[in-house]
Amino acid sequence: MQPYVILVDTTSDLTKEIRDRFEIEYIRGHLILPDGRECPSTLEWDIFDQKTFYRALHKGDSYSTSPANITEFTAEMEKYASQGQDVLAISISSGISGTYGFMTKAAEAVRAKYPERKLICVDTLRYSALMGLMAIYASQLRAQGKTIEEAAQWLEQNKNRFHQMGWLDDLSFVVRQGRVTNSQAFFGKLIGIKPLGDIDYNGMTTVLGKAKGEKAAYEAILGYIARTIEDPESQIVFVAQSDRRAQAEKLAEKIRERFHPSEVIITDVFPSCGVNIGPGLMAAYYVGKPISRDLNEERAIMKELLGG
Amino acid sequence: MNVFPVPDGDTGSNMRVTIENGVRNAHSSDHIDEYTSSLSKGMLLGARGNSGVIFSQIFKGIALALKGKKVVTALELAQALKRGYEVAYSAVLYPTEGTILTVAREGIDKIIDSVDQDTSIEELFRKYLEQMRSTLNRTPEILEVLKRAEVVDSGGMGLVRFFEGVVDPRSAQELHLEGAHSLWFPGFVDVQDAYGFCTEFILNLDAPLAFDIKKLKDYLDACGHSVIALQDGSLVKVHLHTETPLAVLAYAQRMGTFVNVKIENMDAMTARGAKPEHRHQKPQRKIGYIAVAQGDGEIQALEDLGCDIVLNGGQTMNTSVEEFLGAFEQLKSEFIVVLPDNANIELAAQQARELSGREGIYVLRTHSIAEGYFAMSMAVGDSNDIDAQLSAMKQGIDGVITLRFARAMKDTDAFGLHCAKDDYIGVEGEKLLSSSPDLAGSVVCALHALPGLEERESVLLFRGQMVTEDEADDLVEQLSEEFPELEFGVIYGGQDVYDLVLGIT
């Protein structure tokens, strides 16, 4: 048994293989299908495959998703606490979901019942595999013998170093769902233009610039990673994609050639995040320099890379 | 449509699922506490999303307050509603005013003093509902993000809709399912916040040389808002929203003769369900964007990309200097970027810029909807950096090729091609590239005729009124096969002059 449980939810986009490898537990959420039926939201393609799901979203089929609620988080945490285990619960950004609040209230309730147990919640200010990457770092810290408090503290102190750099083909989808800042101007479907975004200080995706065409976009992505990544050879880099596997494989290859990280893993975006991101995400997730408060430094880097 | 904490469309479905889970778990009983207890348990277990969780916590509070009771009076129920919002507030990590929490709180706090032993349950719920509606209307004034999006809080709306069903179950059958626009029910318009009359007129001045436009503007500003007044020689064009249109006309009539007058009752427009465009003034951005387009789809596309004003223009209806001046007047931004859609309109925009005497107006050299679209596509949202924005937008225009396709009016020979009447001809600027009786054929030929096509990546097609969606989809499929290295996309442009306008980048 591990010294403490690392718990994520379905917004972490970690496959079974990765979760098993790093011994990370997860709690299921909820998915409402276009016909109104409800089913669990999981980290498996069990009801439909990825392509079918994203084609349906692109067509306009209406899915909605919600995280586990306070009662469900309480039951899940209590399951571990009653077995004598502490829990490090890692949450999607509080800027885009109520999950952190639910998790925190659940932890309070379980602590009241099991006062000797430690239940710590971390708001990653991140989402999808970038949040998943933070859970992997927590697992690595646990394997190094760090206590639950030390692991939580490391995550809190370093979450601002977890970067995203990639593009979204069609911002109109994600703007409808509200997961991007400076959104007012982005309802249009952008043909041939790739908006390139990182995460801001508050955990919201922010477009730093736009590249005209895929070739320019790949160059800008690699250039930005080069200017922001730290110690790439020791890192696992994720490339997340929602129905953009071919582009993700291309980017993964370029990242391997340029930065030689210890590993590049291409991940799927499962329905919990997928419903809100839509098809068209293709982004690299890695650890680098702290993100500046107003993203001014990052904007300046992108401006230079795009020739502005 | 919810906009807080983030805009998404699942509040209604989340709250519905939450209450359905509650109802499925609830069992009828002679004891109200048994019913509310089982209802709240079902809701707590089956809560979905932020609003669903808060909704379930409200009922948790109600159930706690009614514990041990078999029947309740209106007074006791009022206390339970109060307990409901208290529990909900305590369950939220960072309670935010202007949301379902405020609606639930004010709904009961503002009426509880009027509830006594003689108040019936029905009367309690009617007062509660009426107060909640009033608070819901105010939520945009409490929460900035709601004001910007010009919506009320959707979780609060869900709570109101629920209690409308409680007060009058028949109202549930009249539910609109049209989407976000259906939020603007007539019942939610606050009668104290009337819009007045949209008043426009053109006046032929008796003494144009002696006319003082500033004095007129000062008068009009005192009468209403959204004032525009432009003088062109002996004519003055006026637009404003005012409660006293007749007084304004009487004042104007002293200075000349009306050429035309239009008065529209904006309150009546709102009552018919028209969206009240000027209800909440959008906060003005540092950089404003004015574009020109010809079709309704083109106009919509540019607005979607962030244009504040899109003027109707194009090949047959060139936008005038006066219209540009009026648009400049409407935008209070520090900087304005103008995107004309042909060379003549660019000239008019430049003239308007000089006449306005205003600093910070930039006219881009966009000569087609395609160039305008790519320019706006490259702009970065709410960026306040005018230099960076102009640079990005110019990058967008750089290298864009525009092709236009329309039917030939007559037989003709040009550029080594023979065009028969009604053939689809493809032109780049003044140069004829293709002619074919079939639109797809003409597009394929024109693309093949372009030098350096292998360096290009994307083609955006603006579909005119004469081309159906199916026809455009078939065309894109054909083009994708013919040119597998290019990415194709279609936007409904709605232009009536050209069947297709292509932007190639």
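Start with the salt bridge that joins Asp385(B) and Lys303(A), with N to O at 3.7 Å. By salt bridge I mean a side-chain nitrogen of Lys or Arg within 4 Å of a carboxyl oxygen of Asp or Glu. Side chains of opposite charge can pair when their charged atoms come close.

Before going on, the conditions. This is a predicted model, where local features need pLDDT of at least 70 and side-chain atom pairs count only at pLDDT 80 or more, while totals for chains, interfaces and linings use all residues. Residues are numbered from 1 along each chain as its sequence is written, chains are lettered from A and ligands numbered from 1 in the order in which they are written, and side-chain values use heavy atoms, with hydrogens and water left out.

Now the interface. How many salt bridges does the rule find across the interface of chain A and chain B? Two. Polar contacts between these chains come to 16 residue pairs, both residues at pLDDT 80 or more. A polar contact here is a pair of N or O atoms within 3.5 Å; within protein, one must be able to donate a hydrogen and the other to accept it, and residues adjacent in sequence count only if both atoms are side-chain atoms.

On the chain A side, the elements that each supply at least two residues include β3 (29-32), α4 (99-113), β10 (205-212) and α8 (214-228). Helices (H or I, at least four residues) and strands (E, at least two) are DSSP runs, numbered from the N terminus. That side of chain A divides into 16 nonpolar, 20 polar and 12 charged residues. Ala, Val, Leu, Ile, Met, Phe, Trp, Tyr, Cys and Pro count as nonpolar, Asp, Glu, Lys and Arg as charged, and the others, Gly among them, as polar.

In contact terms, meaning heavy atoms within 4.5 Å, 48 residues of chain A meet 52 of chain B. The buried area is about 3600 Å², with 55% from carbon and sulfur atoms; that is accessible area (1.4 Å probe) lost on putting the two parts together, summed over both.

Next, the sheets of chain A. One is open, with three strands in the order β4-β3-β5 and antiparallel pairing; pairing requires at least two DSSP bridges between two strands. Because β4 (38-41) and β5 of chain A are at the edges with a single partner strand each, one side of each has no neighbour in the sheet. Three bridges join β3(A) to β5(A), and Leu31(A) sits opposite Thr65(A) in β5(A).

The other sheet is also open, with six strands ordered β10-β9-β8-β13-β11-β12 in chain A and mixed pairing. Its edge strands are β10 and β12 (263-268) of chain A. Within it, β11 (residues 236-241) and β13 (residues 281-287) of chain A pair antiparallel over four bridges, with Phe238(A) opposite Tyr285(A).

Which strands does α11(A) lie across? They are β8, β9 and β10 of chain A, and the helix runs at about 10 degrees to β10(A). Axes are lines fitted to C-alpha atoms, for helices over the stretch in contact, and angles run from 0 to 180 degrees between N-to-C directions.

Last, the salt bridges over all chains number 32. One of them is Arg227(A) with Glu304(A), closest N and O atoms 3.3 Å apart. Arg227(A) is in α8 and Glu304(A) in α11 (residues 296-305) of chain A, 77 residues apart.
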